Amino acid sequence: MVMMSDALRFSGLRAGNRSGWWLLASAWVVRLVITVVFFAAAIPKIIDPAGFALSVHRYQLLPLWMEAPVAIIVPWLEIVLALSLLTSRNWRMASAILTVMLMLAFTGMVAWAWFHHLNIDCGCFSTDASGQTIGLWHFVRNGLLIAAAGWSLYVDARTPCSLTAKDDS
């Protein structure tokens, strides 16, 4: 059985060591940021699935028969991942891993469109085709979101279970 003081020492979280508590606080801040971003991205897609299906079509990556199901599933996946980041430790860790994977897939799609000089809107936060065309900012934003999800995962993996005993399920 791990004693609380041993757990705190293991994680760097102990009395008088404020940096450990800042790690936990920073992880919660990035989880909240990811949640807000994913909700902001998902809501317009849920409201206009046909418009989002057209955004998916413009990438020219998927067979036609997959575009509508992807347009329905992706926004709801974003919502589920966003909410899971705010739940118990095990769910947060799984959600952070899936968030990194989803963001890597999105970044791959953006890279595909950019390298093929497709003059399209990314479809990230809007289903309107008149939005901002794909550029360097999309890679920076996705990289920051990947780093944020990675940070959340790192902090949760580093924090002993005894600190989150009431939080685990």
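1. Y154 has a relative accessible area of 41% and is therefore partly exposed. The model is a predicted one. The ring of Y154 pairs with that of W151: the centres are 5.4 Å apart and the planes lie at 35°, a tilted arrangement. W151 is also partly exposed, at 29% relative accessible area. Both residues sit in helix 6 (residues 136-158), and because they are 3 residues apart there, about one helical turn separates them.

2. In total, the structure contains 3 aromatic pairs. One of them joins W114 and F115, whose ring centres are 5.6 Å apart; the planes meet at 45°, so this pair is tilted. W114 has 38% relative accessibility and so counts as partly exposed. F115, with a relative accessible area of 59%, is exposed, since the threshold for that class is over 50%. Ring pairs also bring F139 into a cluster with W114 and F115.

3. Next, the overall fold. The protein chain has 6 helices and 0 strands, which gives the pattern α-α-α-α-α-α when read along the sequence. Of its 169 residues, 41% are buried. Among contacts with a sequence separation of 6 or more, 72% are between residues 24 or more positions apart.

4. Two packed helices are described by the angle between their axes and the distance between the axes. For helix 5 (residues 89-115) and helix 6, the axes come within 9 Å and cross at roughly 160°. An angle over 145 degrees counts as roughly antiparallel, so helix 5 and helix 6 fall in that class. The crossing of helix 5 with helix 6 is left-handed. The residues of this contact comprise 16 nonpolar, 6 polar and 3 charged.

5. Which residues does D156 contact, once its neighbours within four places in sequence are set aside? They are R31, R89, R92 and M93. D156 belongs to helix 6. With a relative accessible area of 3%, D156 is buried, because the limit for that class is under 20%. The C-alpha atoms of D156 and R92 lie 7.9 Å apart, although 64 residues separate the two in sequence.

6. The other helix pair to note is helix 3 (residues 49-58) with helix 4 (residues 64-84). Their axes come within 8 Å and cross at roughly 125°. The crossing of helix 3 and helix 4 is right-handed.

7. The contact between helix 3 and helix 4 can be listed by residue. Helix 3 supplies P49, F52, A53, V56 and H57. From helix 4 come L64, E67, A68, V70, A71, I72, V74 and P75. By class, the residues of this contact are 11 nonpolar, 1 polar and 1 charged.

Methods
Residues numbered from 1 in each chain as written. Predicted model: local features only at pLDDT ≥ 70, side-chain atom pairs only at ≥ 80, totals over all residues. Heavy atoms only, no water. Axes fitted to C-alpha atoms, helices over the stretch in contact; angles between N-to-C directions. Helix = DSSP H or I, 4+ residues; strand = E, 2+ residues; numbered from the N terminus. Left-handed = near helix turned anticlockwise from the far one by under 90°. Contact = heavy atoms within 4.5 Å. Nonpolar A, V, L, I, M, F, W, Y, C, P; charged D, E, K, R; others polar. Phe/Tyr/Trp six-rings, centres within 6.5 Å; stacked < 30°, edge-to-face > 60°. Buried < 20%, exposed > 50% of the residue type's maximum accessible area, 1.4 Å probe, protein only. Parallel < 35°, antiparallel > 145°, perpendicular 65-115°, else oblique.
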